[in-house]
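User: I am new to this structure and would like to know how some of its labels are reached. Please take me through a few of them.

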Amino acid sequence: MFGFDADMVFRIPALLIALTVHEYSHARMAVALGDPTPRFMGRLTLNPVAHLDPIGLIMLWLFKFGWAKPVPVNPSYFKNYRQGMLLVSLAGPVSNMLLALITAFIIGILAKMQLLSGNWVKVLWMIYSYNIILAIFNLVPIPPLDGSKVLASLLPGRQGYIFEQMEQYGPFILMALVYVGIIGMITYPLERTLAYIINIIVTTIL
């Protein structure tokens, strides 16, 4: 149905890196804010095996729509529940943005040195691309994506609580919107914008 994609073999390390950094950042922020749960559950690690959801990885590989295992968090440990959840939720997408920026710098430096050749360069480009995709996609404010937790943290108390109750329906809503192409219509221009901003930063410095 999908045919053979020779580049699929290069996507594996790129996906593992992007997903692992994303989930590790959630765990690191939660622990930094006083919640030991991610550490106890073995999620405060850069070992990708601890974070992978096999079905989510396959979906992301084939359709650029997927997920990793959510990091367990107990917000009762946070001094400020709403602020803590906001920071933990943002940690994943922000880490992907930073990794995309770092990868773009590496590509830019290699280009200046005329070393952009070989299959490993495809891995760098895919690391860059997948981190941009994950950063923007996870900021969509539909449960269970990070953007929904960010929005819930910013809404006034009762509205935030009501919004959180949508979480049980969120995955179905999300899949339906992805299927009809609405999510892509929203995320693609934002991905292009983020890539443009990163390009300006890199070209200005290099």
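Analyst: A residue is called buried under 20% relative accessible area, exposed over 50%, and partly exposed in between. The model shown is predicted.

User: What makes Ile109 partly exposed?

Analyst: The relative accessible area of Ile109 is 39%. That value lies between 20% and 50%, so Ile109 counts as partly exposed. Ile109 sits in helix H4, residues 81-112.

User: Why is Ser148 called buried?

Analyst: Ser148 has 5% relative accessibility, and the limit is under 20%, so the label is buried. Ser148 belongs to helix H6, residues 146-154. Beyond its neighbours within four places in sequence, Ser148 contacts Val140, Pro141, Ile142, Pro143 and Phe163.

User: Which residues make the nonpolar surface patch?

Analyst: The patch, of about 810 Å², is made by Ile109, Met113, Leu115, Tyr196, Ile197, Ile200, Ile201, Ile205 and Leu206. A patch residue needs over 30% relative accessible area; Ile109, at 39%, therefore passes that cut-off. Helix H9, residues 182-205, gives the most to the patch, with five residues.

User: Which residues touch the most other members of the largest nonpolar core?

Analyst: They are Tyr128, Ile132, Leu194, Ile198 and Val202, out of 14 residues in this core. H4, helix H5 (119-137) and H9 each supply at least two residues of the core, and H4 has the largest share, six residues. Leaving out residues up to four places away in sequence, Val202 touches Leu101, Ala104 and Phe105. There is also a second, separate core of 13 residues, among them Ala68, Leu99, Val123 and Ile127.

Note on methods:
Residues numbered from 1 in each chain as written. Predicted model: local features only at pLDDT ≥ 70, side-chain atom pairs only at ≥ 80, totals over all residues. Heavy atoms only, no water. Helix = DSSP H or I, 4+ residues; strand = E, 2+ residues; numbered from the N terminus. Buried < 20%, exposed > 50% of the residue type's maximum accessible area, 1.4 Å probe, protein only. Contact = heavy atoms within 4.5 Å. Patch = residues over 30% accessible without salt bridge, like charges linked within 9 Å, V, L, I, M, F, W, Y side chains within 5 Å. Areas by Shrake-Rupley, 256 points an atom, 1.4 Å probe, with all protein chains shown as cover. Salt bridge = Lys/Arg side-chain N within 4 Å of Asp/Glu carboxyl O. Core = buried A, V, L, I, M, F, W, Y, C linked by side-chain atoms within 4.5 Å.
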